[in-house]
Amino acid sequence: MRVYVPLTLSGLTEAHKTGELGSGPLVAYAVTPALREWYDSEDIEELEYAALGQAALASLRLLDADRGAPRRRVVVAVDVADRIVEVDPDPDPGHDRENDAAEPGEVRVTGRVALAKAAAVHVDADGAEAAVAAAAEALAAADGGDGGARSVVDGAEDHELLWFAPQEIPNLLGS
């Protein structure tokens with residue numbers, strides 16, 4: 001199954017050092033029945049793009065939590081064995097079950113994920129940093145129903161994530 005793992009540039013740096021995205025469980029996004037229902041399409045490319053978008057939003061949440069990380073969203077697309085993917089994971093403690101519709105396609109990867117298995121890395125261009133920074137700052141208010149803040153968060157989506165081959169990670173990280 002192809003999953004989209006949200007990260008930050010700091011998280012990608014750590015994955016590059018260790019050679020793995022993590023040993024599990026990892027939150028990721030994939031084409032699931034819930035995503036198919038939410039997006040209402042049978043086109044697999046459109047559905048994968050929607051899963052990538054959900055992972056990009058999750059990356060924005062990671063940026064909100066890590067104020068020191070460069071303000072660029074990062075998503076790693078990786079193929080993993082179906083047996084290590086929980087498609088309908090139990091929510092984390094404190095997870096708001098009523099807001100599940102806001103996170104279609106969320107899965108939990110329960111095993112080790114080697115960075116070498118990555119199919120691609122998607123990262124914001126340098127020019128997106130201001131919009132991504134503003135979106136991360138507005139995220140809590142947007143989650144609270146503030147329409148203006150929601151517009152700011154949606155503004156980050158106007159910036160397409162760039163595609164990088166896994167072998168480009170060292171150049172992307174400046175190492």
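1. Basis. Because the model is predicted, local features need pLDDT of at least 70 and side-chain atom pairs count only at pLDDT 80 or more, whereas totals for chains, interfaces and linings use all residues. Residues are numbered from 1 along each chain as its sequence is written, and side-chain values use heavy atoms, with hydrogens and water left out.

2. Helix α1. Helices (H or I, at least four residues) and strands (E, at least two) are DSSP runs, numbered from the N terminus. In α1 (residues 9-18), the buried residues are Leu9, Leu12 and Ala15. They lie on the same side of α1, because they cover an arc of only 115 degrees around the axis, the arc being that of the directions from the helix axis to the C-beta atoms. Buried means under 20% relative accessible area, exposed over 50%, and partly exposed in between (1.4 Å probe, protein chains only).

3. Surroundings of α1. Its buried residues pack against the strands β1 (2-7), β2 (20-22), β4 (74-79) and β8 (118-123), and against helix α6 (169-173); contact means heavy atoms within 4.5 Å.

4. Second largest pocket. A pocket is an open set of points on a 1 Å grid over the protein atoms alone, where a 1.4 Å probe fits, with protein on both sides within 12 Å along at least five of seven lines; lining residues have an atom within 4 Å of a point. The lining of the second largest pocket comprises 18 residues, and Tyr49, Leu52, Gly53, Ala56 and Glu157 lie nearest its centre. Two or more lining residues come from each of α2 (33-39), α3 (44-65) and α5 (147-157), with α3 giving the largest share, seven residues.

5. Salt bridges. A salt bridge is a side-chain nitrogen of Lys or Arg within 4 Å of a carboxyl oxygen of Asp or Glu, and the count by this rule is nine. One of them joins Arg61 to Asp143, with the closest N and O atoms 2.7 Å apart. Arg61 lies in α3 and Asp143 in α4 (residues 129-143), so this pair ties together parts that are 82 residues apart in sequence. Arg61 is partly exposed at 30% relative accessibility, and Asp143 is partly exposed at 44%.

6. A buried pair. Asp124 and Arg73 also form a salt bridge (2.7 Å, N to O), and both residues are buried. Asp124 is in the loop between β8 and α4, and Arg73 in the loop between α3 and β4, 51 residues apart.
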